[in-house]
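Me: I would like to go through this structure with you, one feature at a time. Please keep the answers plain.

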Amino acid sequence: MSIARFWRETPRRYNLGGSRCGNCGTVYFPPRAVCPRCPQHRTTIEKMAPFQLSGEGEVASFTLVHDPAEGFEMQVPYVLALVRTVEGPVLTGQIVDVEPHDVAIGLKVKATFRKLREEGKAGVIHYGYKFTPAGEPATAAGPRGPVEPVRPTETPARDRASA
Ligand SMILES: [Zn+2]
């Protein structure tokens, strides 16, 4: 992808702005202009509305990458996962702030915005979303991102003001 195109698309990547069909309720990310799920999808053009994904979801599948894509050399091994968001769309992203062997299918995660990679000598830095474990601590270990209160026997609060 060209740099120009990347930056054009960056705002969307930053805020996980998708779209939602007002007809059937299906959420799309990246956003779609029409809803392919609706039988008469051409009529959904005016029903598609911007929709903000929460970034919460769970790991649907993952792979441990030892052989990095260009620009990711500094980070191996890293976990690349398909995350099924609570709203439905499946996102691809790196799982960070957790030991690779602690990643499992069903792990609850939350999107966070991080440096994705640096490019070449010019040091162009790409930012985008990655996922960190949400809710209960995976292990007793390690520095984590923004600390959220965790109560051992409760599920993490989902309904904190999501404006
Ligand atoms: Zn629809």
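Me: Where does Asp-97 lie?
Reply: Asp-97 lies in the loop between β6 (90-95) and β7 (108-119). Strands (E, at least two residues) and helices (H or I, at least four) are DSSP runs, numbered from the N terminus.

Me: What kind of model is this, and what rules apply to it?
Reply: This is a predicted model, in which local features need pLDDT of at least 70 and side-chain atom pairs count only at pLDDT 80 or more, whereas totals for chains, interfaces and linings use all residues. Residues are numbered from 1 along each chain as its sequence is written, and side-chain values use heavy atoms, with hydrogens and water left out.

Me: Back to Asp-97: what is its phi?
Reply: Phi of Asp-97 is near 65 degrees, which is a positive value in a residue other than glycine. Most residues other than glycine have a negative phi, and most peptide bonds are trans.

Me: How does Asp-97 count in terms of accessibility?
Reply: Asp-97 counts as partly exposed because its relative accessibility is 32%. Buried means under 20% relative accessible area, exposed means over 50%, and partly exposed is in between (1.4 Å probe, protein chains only).

Me: Which residues coordinate the zinc ion?
Reply: Cys-21, Cys-24, Cys-35 and Cys-38 coordinate the zinc ion through their SG atoms, at 2.3 Å. Donors are N, O and S atoms within 2.8 Å of the metal (3.2 Å for Na, K and Ca), and sites may look incomplete because water is not among the atoms. The spacing of the donor residues in sequence is C-x2-C-x10-C-x2-C.

Me: What do Cys-21 and Cys-38 tie together?
Reply: Cys-21 lies in strand β1 (residues 17-21) and Cys-38 in the loop between β2 (27-28) and β3 (48-52), so the pair ties together parts that are 17 residues apart in sequence. Both Cys-21 and Cys-38 are buried.

Me: And what is around Cys-35?
Reply: Not counting residues up to four places away in sequence, Cys-35 touches Cys-21, Cys-24, Tyr-28, His-41, Thr-44 and Met-48; contact means heavy atoms within 4.5 Å. Cys-35 is found in the loop between β2 and β3, and it counts as buried at 0% relative accessibility. Its C-alpha atom is separated by 7.5 Å from that of Ile-45, ten residues apart along the chain.

Me: How many disulfides are there?
Reply: The count is zero disulfides, where a disulfide is a pair of cysteine sulfur atoms within 2.5 Å.

Me: Changing topic: how many aromatic pairs are there?
Reply: There are two aromatic pairs. Rings of Phe, Tyr and Trp (its six-membered ring) pair if their centres lie within 6.5 Å; planes under 30 degrees apart count as stacked, over 60 as edge-to-face and the rest as tilted. The rings of Phe-29 and Tyr-129 have centres 6.4 Å apart and planes at 65 degrees, so this pair is edge-to-face. Phe-29 lies in the loop between β2 and β3 and Tyr-129 in strand β8 (residues 124-133), so the pair ties together parts that are 100 residues apart in sequence. Phe-29 and Tyr-129 are both buried. The rings of Tyr-129 and Phe-131 have centres 5.6 Å apart and planes at 65 degrees, so that pair is edge-to-face.

Me: Which residues form the cluster?
Reply: Phe-29, Tyr-129 and Phe-131 are linked into a cluster by ring pairs.

Me: What joins Phe-29 and Pro-30?
Reply: A cis peptide bond joins Phe-29 and Pro-30, with omega about -5 degrees. Pro-30 has its place in the loop between β2 and β3.

Me: Last one: what is Thr-112 in contact with?
Reply: Leaving aside neighbours within four places in sequence, Thr-112 is in contact with Gly-128, Tyr-129, Lys-130 and Thr-132. Thr-112 lies in strand β7 and is buried, with a relative accessible area of 18%.
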